[in-house]
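Student: I would like a close look at one part of this model, the aromatic ring pairs and what surrounds them.

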Amino acid sequence: MPVAEGKSVQQTVELLTRKLEMLGAEKQGTFCVDCETYHTAASTLGSQGQTGKLMYVMHNSEYPLSCFALFENGPCLIADTNFDVLMVKLKGFFQSAKASKIETRGTRYQYCDFLVKVGTVTMGPSARGISVEYGPCVVASDCWSLLLEFLQSFLGSHTPGAPAVFGNRHDAVYGPADTMVQYMELFNKIRKQQQVPVAGIR
């Protein structure tokens, strides 16, 4: 979803939230998702030319007692919040990438059975994009048509297609790790396009 022409990221977020409120959605508090990137320490790489791996350590205010560690092209580990302390102890294996912290903060809205979160994605002090999260049912593919219809009511032509995370899991039970994978993909997209503010929908 592009930032509205002639508008800032924040102004576009305000336009979206007004549309939701006009539909009858009610504010239900705030949310935050953050991500810190770690890379394998140079001392752990065996041969020259071997590339290091990235790991993303993420937190989601919807799951305050959990910490998510996602490996690049790999699994998602769900641990308790003390995982951050473990990362300090593993500094010989994983090092925090400089200026890699990215987060999205915003407002949660409830509209009938739908939960929608609209947030501003920031890196450091500057806004970089927009996140829109919507809550799936237990088996997301069972309700995709309904979600699509609802999203079209306030996103219009910017309504997304089915997320890539569903690609090979049509009948799988949706869980918190699926949400975090989508946030990781959004954050990586925004990092790669740092020069121009972009918006993503999850």
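How many aromatic pairs does a search of the whole structure find?

Tutor: The search of the whole structure finds four aromatic pairs. Rings of Phe, Tyr and Trp (its six-membered ring) pair if their centres lie within 6.5 Å; planes under 30 degrees apart count as stacked, over 60 as edge-to-face and the rest as tilted. This is a predicted model, in which local features need pLDDT of at least 70 and side-chain atom pairs count only at pLDDT 80 or more, while totals for chains, interfaces and linings use all residues. Residues are numbered from 1 along each chain as its sequence is written, and side-chain values use heavy atoms, with hydrogens and water left out.

Take the pair of Tyr 111 and Phe 150. The two rings are stacked, at 5.6 Å centre to centre and with 10 degrees between the planes. Tyr 111 lies in strand S6 and Phe 150 in helix H3, so the pair ties together parts that are 39 residues apart in sequence. Helices (H or I, at least four residues) and strands (E, at least two) are DSSP runs, numbered from the N terminus. Buried means under 20% relative accessible area, exposed over 50% and partly exposed in between (1.4 Å probe, protein chains only). Ring pairs also bring in Phe 114: Tyr 111, Phe 114 and Phe 150 are linked into a cluster.

Tyr 183 and Phe 187 are tilted, with 5.9 Å centre to centre and 40 degrees between the planes. Both sit in helix H4 (residues 176-192), four residues apart, about one turn of the helix. Tyr 183 is buried, with a relative accessible area of 1%. Phe 187 is buried too, at 0%. H4 itself has 17 residues. From first C-alpha to last it reaches 25 Å, close to the 24 Å expected at 1.5 Å a residue; the expected span is 1.5 Å times one less than the number of residues. Other buried residues of H4 include Met 180, Met 184, Leu 186 and Ile 190.

Back to Tyr 111 and its neighbours. Leaving out residues up to four places away in sequence, Tyr 111 touches Leu 23, Gly 24, Ala 25 and Phe 150. Contact means heavy atoms within 4.5 Å. Glu 26 is 85 residues from Tyr 111 in sequence, yet their C-alpha atoms are 6.4 Å apart. Cys 112 has a positive phi of about 50 degrees although it is not a glycine. Its relative accessibility is 61%, and it counts as exposed.

H1 (residues 9-23) has 15 residues and reaches 22 Å from its first C-alpha to its last, close to the 21 Å expected at 1.5 Å a residue. Val 9, Thr 12, Val 13, Leu 16, Thr 17 and Leu 20 are the buried residues of H1. Seen down the axis of H1, they fall within an arc of 135 degrees, so they line one face of the helix. The arc is that of the directions from the helix axis to the C-beta atoms. These buried residues pack against strand S6 (102-111), strand S7 (114-123), strand S8 (126-134) and helix H3 (140-155). H1 is followed by Gly 24, whose phi is positive, near 110 degrees.

Finally, the setting. The protein has four helices and nine strands. From the N terminus on, the elements run α-β-β-β-β-α-β-β-β-β-α-α-β. Of the 202 residues, 42% are buried. Among contacts with a separation of 6 or more, 59% join residues 24 or more positions apart. The pair of Tyr 111 and Phe 150, 39 residues apart in sequence, belongs to two such elements, S6 and H3.
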